[in-house]
Amino acid sequence: MIIAKIKPLEEVQAMIKDFKRILNVGCAGCTAICLAGGQKEVETLNTKLAVSFKEEITSPLIEGFTVERQCEVQFLAELDPMVEDYDALLSMACGAGVQFLAERFPDMKVFPAVNTTFVGINRDIGWYEERCQCCGECVLAITGGICPVTMCAKVLFNGPCGGSQDGHCEVDKNIPCAWVNIYKRLKAQGRLEQILSVFPARDWKNQTQGTFVLEEYQDRYSYKDKEGSQK
Amino acid sequence: MTETTLRPIDVKKIQEMLTLKKSKMKVLLSFCAHCGLCAESCFLYRNHLDPKYVPAYKAINSLGKIYKKKGKVDREQLEEMKELIFKNCVLCGRCYCPLGIDIPSMISLARTICRSQGVFGVFPYAVGEP
Amino acid sequence: MKSGSNLEKILAKSIFAVTGELGPPRGADLDAIREKAKHLKGMVDSVNITDNQTAVVRMASWAASLIAIQECLEPNYQMVCRDRNRIAMQSDILGAYTLGIRNMLCLSGDHQMFGDHPYSKKVFDIDSMQLISMVRKMRDDGRFLNGQEITKPPRMFIGAAANPFGDPHEFRVFRLAKKIAAGADFIQTQCIYNMNRFREFMKQANDMGLTEKIYILAGVTPMKSLGMARYMQKNVPGMDVPEEVIKRIEGVDKKKQASEGIKMCCEQIEEFKEMKGIAGVHLMAIEWEHRVPEIVEQAKLLPRPNPKDLE
């Protein structure tokens, strides 16, 4: 799921300091799950901001409201009757949610209160690890379920490199070498031949912003899929 | 613990929130024919085959209850519906109702009301665990 | 002949080859390169020109390679995968070949976090294995990576690196096999201190028939001091320095440590000359280029064949 981390308080404060009435919009989706931007975090941030503005001559009014997911129209729509009461919106959703919010209310100044960090797993409460960089061409079948794009610092497809030592990456002793792990897993499963031949240069397909409509829904939107029309 | 968990239930606030989707709630409570089609379309129900996962059940026993009590619920009652709306539903939005009841919207409002009173779902979704 | 380079001819004639290393300067400094080249002229058959080694910005390896040629030193033009995508790489290869560069080294490159611009954006569009394949495709098929024809194909002699001491240990020789399959013509290993482990590696390589398909140059770096030996042991990824090596340097007087280091290096070279499957030695006397003539002489590697005599 998408993992985000709250921005430093000073940074958020600097974003909103010139506004009088701010709505802090939380998200009960990914950012709530990773304890960065759910309702509790909205309340905590609002409290901290109120305290930080106490010294100022005029402190802004900061209120909070949490929607289920800021990446979906039906939930964002709940904000429609509310936004006109404010002159700025703070969003604790991931980058996608912030942008969707800004798109829905183009006249509102929208600010992100969290940094979206990665697509990852929840090892345990408060502990998150990156696992996927959305390259769009999953090769996990070949590498035994370990991603060479995300987990190898050098994005090798024919690793490991010469810097791998004692099973960890040359960059940081705490980072395991992805290719050592790929090797171990494939060996244990008797699938080592998958990495014995040279994996050819791959086409990077996530270099422009992506949009797609599932085939079964294309008629609904009179959408002509680029690839479909070429067939 | 945030402030909201220690404050008493703010009935007025709940009543305000209920007005947001008043017409939809009326539709839910009067039109639901218990046809079970929403259950067919809910993957959680299909996995568990437990009535507590039926979308209409979840909506009626959460938001429906709050509405019937005209917002005058106590903390225990809100805690009771936590399982239905936070654990038994992921708000994927795929539930289908032939009568046009907007079930996700109902459950979403139930969640908003609960959260506003400091009743949260917990992650991982395990009812009662910190 | 694939490229007709000096190095290729020497290796083809089964003459024990010697390559060196030259790190370009951290400035637009022509004299710095000439100074280093001075010591290496006539001492080595070709010299590695490193590419922003340890991710620290230095003069481009193609530029320093051209200067090497001007100084009558044959360069091994190093290209790493960290900083360039396939477009820039193919473009640079065309330019390099046009201006007389004939040997290439295809490496992954040290991660940018090590260097002086740690938060620059990494490239790693293709990895070293894919780069080797690409250069071979340009040379043997006369085609770019996308399959389109190159009007005048560059014909490089393709080198790669091998680290017999990296992890996983058992996989290293298979990785060597992959590099051969990808199209590498010669290999330079990381500098070797653990001779036992290296002998094992070479045995495997020989048993698999790999040494008949590729020229392997064993890497050596003489220890300048005890401090250097300890540093290499603890701080350099992929480096295996056994305790005996440390003890030997420790055992001599501080002033004599450098000579002892050179002595040990020469002993290794003597063994490499006789070792099955080893076609030469890669001498990395980093920031110690002025001692190369002495080392090469002591190791009885002189005189180097004159390129003119190799026709």
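# Notebook: chains A, B and C

**Entry 1. Chain A, domains and extent**

I started with the division of chain A: domain 1 covers 2-118 and domain 2 covers 135-195. This is a predicted model, and I read everything below with that in mind. I then looked up how far apart the two domains sit. The C-alpha centres of domain 1 of chain A and domain 2 of chain A are separated by 38 Å.

Next I took the secondary structure. Chain A holds eight helices and seven strands. The C-alpha atoms of chain A fill roughly 65 × 50 × 25 Å.

I checked burial and contact range too. Of the 231 residues in chain A, 38% are buried. Among contacts in chain A with a separation of 6 or more, 55% come from residues 24 or more positions apart.

**Entry 2. The loop between H6 and H7 of chain A**

I went to this loop for its backbone. Helix H6 spans 148-151 and helix H7 spans 178-188, and A:Pro160 is in the loop between them. The peptide bond from A:Gly159 to A:Pro160 is cis. Its omega is near 0 degrees.

A:Val155 lies in the loop between H6 and H7 of chain A as well. I looked at its phi, which is near 55 degrees. That is a positive value in a residue other than glycine. Is A:Val155 buried or exposed? I counted 25 C-beta neighbours inside 10 Å, so A:Val155 counts as buried. The cut-off for buried is 20 or more.

**Entry 3. Chain B**

I turned to chain B and found nine helices and zero strands. Read along the sequence, its pattern is α-α-α-α-α-α-α-α-α. Buried residues come to 40% of the 130 in chain B. For contacts in chain B between residues at least 6 apart in sequence, 77% join residues at least 24 apart.

**Entry 4. Where chain A meets its partners**

Eight residues of chain B are in contact with eight residues of chain A. Which element of chain B gives the most to that side? I found helix H9 (residues 103-116) of chain B, with three residues. By class, the side of chain B that touches chain A has three nonpolar, three polar and two charged residues.

Then I looked up chain C. Here 23 residues of chain A are in contact with 26 residues of chain C.

**Entry 5. The barrel of chain C**

Eight of them close into a barrel in the order E1-E2-E3-E4-E5-E6-E7-E8. The pairing is parallel. From one strand to the next, the twist averages 30 degrees.

I wanted to see the pairing of E1 with E8. Strand E1 (residues 17-22) and strand E8 (residues 278-283) of chain C pair in the parallel sense over three bridges. Which residue of E8(C) is the bridge partner of C:Ala17? I found C:Gly280.

I then looked for a helix on these strands. Helix H10 (residues 257-274) of chain C lies across strand E7 (215-220) and E8 of chain C. Helix H10 of chain C runs at about 165 degrees to E7(C).

I looked up C:Phe124, in the loop between strand E4 (103-107) and helix H5 (128-141) of chain C. Its phi is positive, about 45 degrees, although C:Phe124 is not a glycine. C:Phe124 has 23 C-beta neighbours inside 10 Å, so it counts as buried.

C:Asp207 was next, in helix H7 (residues 195-207) of chain C. Here I counted 11 C-beta neighbours inside 10 Å, so C:Asp207 counts as exposed. The cut-off for exposed is 12 or fewer. I also took a distance from C:Asp207 to C:Arg172. The two are 35 residues apart along the chain, and their C-alpha atoms are separated by 14 Å.

Last, I checked C:Pro303, in the segment after helix H11 (292-298) of chain C. The peptide bond from C:Leu302 to C:Pro303 is cis, with omega near 0 degrees.

Technical notes. Residues numbered from 1 in each chain as written. Chains lettered and ligands numbered in written order. Predicted model: local features only at pLDDT ≥ 70, side-chain atom pairs only at ≥ 80, totals over all residues. Contact = placed C-beta atoms within 7 Å. Helix = DSSP H or I, 4+ residues; strand = E, 2+ residues; numbered from the N terminus. Nonpolar A, V, L, I, M, F, W, Y, C, P; charged D, E, K, R; others polar. Domains from an automatic or database assignment. Pairing = 2+ DSSP bridges. Axes fitted to C-alpha atoms, helices over the stretch in contact; angles between N-to-C directions.
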